[in-house]
Amino acid sequence: AVVSTQSTGEENDVSRSLFKERTSQMSKRLTTMNSRYEALESRRNLEIEGFKTDVQMMRKRVQELEKQLIKVSLKEKENPEMYVLKHVKSTAERSKKLMGEVNKVKSRLYSVENNMRRNF
């Protein structure tokens, strides 16, 4: 009976030490997980703050661009002759480009027709 009580006592000691080890390991894991979560939370908060700052900067930039656009459009309205002249100039440049392309197409067409006449 004495031997069995000693072995039971030793088993209890082993169980207690194993329980203490596992408890300390779980405690360390919990501490690590908590610190990771806090770091993640702070990083997320910083990212949100950064996004908000970016959005505010973009809004300011859009407002500045809108003001510039209004100034430019008012200048053109103040001097409609310059607006018309700019429009005529850009239209003339586009028509020159188109005429050049039309002439290229015509020359290709004429060369194809000539080749067909020669071959038939």
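Trainee: Which helix holds Glu41 and Arg44, and how many residues apart are they?
Mentor: In this predicted model, Glu41 and Arg44 both lie in helix 1, which covers residues 2–78. They are 3 residues apart, about one turn of the helix.

Trainee: What do Glu41 and Arg44 form?
Mentor: They form a salt bridge, and the closest N and O atoms are 2.8 Å apart. As a general point, side chains of opposite charge can pair when their charged atoms come close.

Trainee: How many salt bridges does a search of the whole structure find?
Mentor: The search finds 2 salt bridges. Besides the one between Glu41 and Arg44, there is a salt bridge between Glu64 and Arg61, where the closest N and O atoms are 3.5 Å apart.

Trainee: Where are Glu64 and Arg61 in the helix?
Mentor: Both are in helix 1, and because they are 3 residues apart, about one helical turn separates them. Glu64 counts as partly exposed at 41% relative accessibility, and Arg61 is partly exposed with a relative accessible area of 44%.

Trainee: Changing topic, what does the secondary structure of the protein come to?
Mentor: It comes to 2 helices and 0 strands. The radius of gyration is 42 Å, well over the 14 Å that the globule rule gives for 120 residues, so the protein is more spread out than a compact globule.

Trainee: What does the C-alpha trace span along its principal axes?
Mentor: The spans are about 125 × 65 × 10 Å.

Trainee: And what percentage of the residues is buried?
Mentor: Buried residues make up 0% of the 120 residues. The protein exposes about 11900 Å², and carbon and sulfur atoms supply 59% of that area.

Trainee: Which residues form a nonpolar patch on the surface?
Mentor: Tyr83, Val84 and Val88 form one, with about 280 Å² of accessible area together. Val84 is found in helix 2, and at 47% relative accessibility Val84 counts as partly exposed.

Trainee: What about Met26: buried or exposed?
Mentor: Met26, which is found in helix 1, counts as exposed because its relative accessibility is 56%, and the cut-off for exposed is over 50%.

Trainee: What separation do the C-alpha atoms of Ser95 and Glu66 have?
Mentor: The C-alpha atoms of Ser95 and Glu66 are separated by 32 Å, and the two residues are 29 residues apart along the chain. Ser95 is found in helix 2, which covers residues 80–119. At 37% relative accessibility, Ser95 counts as partly exposed.

Trainee: Lastly, how many positive and negative side chains does the protein have?
Mentor: It has 26 positive and 17 negative side chains. The centres of the two sets lie 11 Å apart.

Methods: Residues are numbered from 1 along each chain as its sequence is written. This is a predicted model: local features need pLDDT of at least 70, side-chain atom pairs count only at pLDDT 80 or more; totals for chains, interfaces and linings use all residues. Side-chain values use heavy atoms; hydrogens and water are left out. Helices (H or I, at least four residues) and strands (E, at least two) are DSSP runs, numbered from the N terminus. Buried means under 20% relative accessible area, exposed over 50%, partly exposed in between (1.4 Å probe, protein chains only). Patches are made of residues with over 30% relative accessible area and no salt bridge: like charges are joined within 9 Å, nonpolar side chains (Val, Leu, Ile, Met, Phe, Trp, Tyr) within 5 Å. Accessible areas come from the Shrake-Rupley method with a 1.4 Å probe; for residues, only the protein chains shown count as cover. A salt bridge is a side-chain nitrogen of Lys or Arg within 4 Å of a carboxyl oxygen of Asp or Glu. The radius of gyration is taken over C-alpha atoms; the globule rule is 2.2 Å times the number of residues to the power 0.38. Lys and Arg count as positive and Asp and Glu as negative; His and the chain ends are not counted. The place of a charge is taken as NZ of Lys, CZ of Arg, CG of Asp or CD of Glu.
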